[in-house]
Amino acid sequence: SDDGSSMLSGSSGAKIKAEAKIGGLVGWSDNVQLVDCSNTGTTITATKYYLDTNTTTYYAYVGGFAGKGDAFTNCHNAANISYSQRGIYVGGIAGYVDDKLANCSNTGNVVAASSDYVGGLVGYASYGGYTFTYSELENSGGVSGVNYVGGVFGRVYEYASANTNYTISLQTAENSGCISATGNYVGGLIGHFYAYNSYGYTVTITVMEAKNTGDVTSVEAAYVGGLFGYAYAESTSSKILTSSSSANVTGGYYVGGLAGWLENIVVQDCSNEGSTVTATKTFVEGTTYYAYVGGFAGRGYSFISCTN
């Protein structure tokens with residue numbers, strides 16, 4: 001569709017196997033909204049990848065509904081996702097999303113132990129608009145990958161080139177699945193969350209009612225957290241509000257009960273409880289050994305009325 005007005009609704013109960021660009025309903029879609037969709041199939045299995053010769057990057061694009069898609073509303077996946085190669089972008093709803101995600105859930109396991117950008121719902125989300133909200137998202141399936149791994153998103157990357165300020169927000173998101181990785185940027189909700197405007201305007205991150213109860217483990221890696229592995233916002237007005245984690249978190253260094261690393265983001269009325277936070281390594285600068293380990297964050301910005 002040229003104008004983004006087309007909509008697709010449907011269901012799948014099939015076992016699906018292909019090389020790459022694979023989804024329960026669509027392998028690849030542009031400017032099409034998937035609405036009121038369900039996938040009860042047993043497995044979605046991708047076996048290979050394709051190489052972008054311009055960037056020397058290996059891509060997979062594997063998802064419960066689409067390998068790559070734009071907008072998803074009221075879509076619920078129960079199929080297990082399996083990918084054993086080193087291509088990127090694997091998720092329970094979609095491998096890659098560049099528009100809306102609302103009222104979606106995943107209960108299937110997302111297993112991509114050799115891949116980057118792996119999420120319980122979405123492997124990689126990027127939106128070029130001014131203000132955008134991801135809302136009412138839930139994952140209960142186990143998730144495994146290498147770098148940029150999260151219970152809801154592997155990575156959310158908002159790099160705007162617009163002459164205005166805008167907000168990217170996450171509202172009411174929950175993960176209860178166990179998250180395991182072998183690399184960096186691993187979180188119970190989002191492995192890596194980054195918002196930036198190249199025109200000198202600000203991008204504000206707002207997170208409300210986020211919750212994680214699934215253990216997060218990347219034993220010798222950096223940036224590991226109960227909610228976020230790493231989160232950066234340009235605007236110091238950015239906030240994480242009324243959110244919690246009650247999961248065991250294990251990483252190498254930059255490890256926190258809520259986040260491994262937070263920059264320019266205020267944490268307010270949040271809690272970390274019923275868990276342990278464990279760091280296993282240090283890194284050296286000069287003659288000093290660093291770890292950065294905390295009940296809330298390994299490295300943080302500001303905390304108000306929080307409980308650990």
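Predicted model: local features only at pLDDT ≥ 70, side-chain atom pairs only at ≥ 80, totals over all residues.
**Aromatic pairs and charge-over-ring contacts**

The structure holds 36 aromatic pairs.

**View 1. The aromatic pair of Tyr-61 and Tyr-89 is tilted.** The two ring centres are 5.1 Å apart and the ring planes meet at 50°; because pairs under 30 degrees count as stacked and those over 60 as edge-to-face, the rest are classed as tilted. Tyr-61 belongs to strand 9 (residues 57-63), whereas Tyr-89 belongs to strand 13 (residues 88-91), so the pair ties together parts that are 28 residues apart in sequence. Tyr-61 is buried, its relative accessible area being 8%. Tyr-89 is also buried, with a value of 8%.

**View 2. Tyr-223 and Trp-261 form an edge-to-face aromatic pair.** The rings lie 6.0 Å apart, centre to centre, with 75° between their planes. Tyr-223 is in strand 29 (residues 222-225) and Trp-261 in strand 35 (residues 259-263); the pair thus links distant parts of the chain, 38 residues apart. Tyr-223 counts as buried at 16% relative accessibility, and Trp-261 is buried with a relative accessible area of 14%.

**View 3. Arg-299 places its charged end over the ring of Trp-261.** The distance from this charged end to the centre of the Trp-261 ring is 4.5 Å.

**View 4. Arg-86 places its charged end over the ring of Tyr-58.** Here the charged end of Arg-86 is 3.9 Å from the centre of the Tyr-58 ring.

Key
Residues numbered from 1 in each chain as written. Heavy atoms only, no water. Phe/Tyr/Trp six-rings, centres within 6.5 Å; stacked < 30°, edge-to-face > 60°. Helix = DSSP H or I, 4+ residues; strand = E, 2+ residues; numbered from the N terminus. Buried < 20%, exposed > 50% of the residue type's maximum accessible area, 1.4 Å probe, protein only. Lys NZ or Arg CZ within 6 Å of the ring centre and 35° of its normal.
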